[in-house]
Amino acid sequence: MWSDARCAVLLHEDSAVRGHAMVVWRAHVENFSGLSEEEAEHFARVHRAAEKALLEVTGAERAVLLKLGIMTPHLHLHLYPVSSSLDRAAVLAVIEGKVREEREPDFVARVAAALRLSS
């Protein structure tokens, strides 16, 4: 959807929520703390632009962030744009992939366009 030499923003295939996306650092590092100051600033700028674009396109009020690295020990941050009215159980159902939202045919293009404008 969007990438540069150091980062990529991808929509996750599980579609737990329409805008479930990941910000992925290209070079191998497991933790945010493993980045240099300048790399961390770049990752943070990309994360901010991705979150802003996802919230804009989905109309969600909140982004839930998750960094595990259990199955893939490589720095990547999951973003789940959700309604601020969701309770803890509903948010956990999203994170655990127990729900699925269909994406409109032009959804990816709209997020990519919003991300380009934000970055």
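Student: What classes of residue make up the lining of the largest pocket?
Tutor: The lining of the largest pocket has 8 nonpolar, 7 polar and 1 charged residues, where Ala, Val, Leu, Ile, Met, Phe, Trp, Tyr, Cys and Pro count as nonpolar, Asp, Glu, Lys and Arg as charged, and the others, Gly among them, as polar. This is a predicted model, in which local features need pLDDT of at least 70 and side-chain atom pairs count only at pLDDT 80 or more, while totals for chains, interfaces and linings use all residues. Residues are numbered from 1 along each chain as its sequence is written, and side-chain values use heavy atoms, without hydrogens and water.

Student: Which of the lining residues lie nearest its centre?
Tutor: Leu68, Met71, Thr72, His76 and His78 do, out of 16 lining residues, and a lining residue has an atom within 4 Å of a point of the pocket, which is an open set on a 1 Å grid over the protein atoms alone, where a 1.4 Å probe fits, with protein on both sides within 12 Å along at least five of seven lines.

Student: And which element gives the most to that lining?
Tutor: β5 does, with 3 residues; strands here are DSSP runs of E, at least two residues, numbered from the N terminus.

Student: Switching topic, what does Val23 touch?
Tutor: Counting contacts as heavy atoms within 4.5 Å, and leaving out residues up to four places away in sequence, Val23 touches several residues, including Val9, Phe43, Val46, Leu75 and Leu77.

How values were computed
Helix = DSSP H or I, 4+ residues; strand = E, 2+ residues; numbered from the N terminus.
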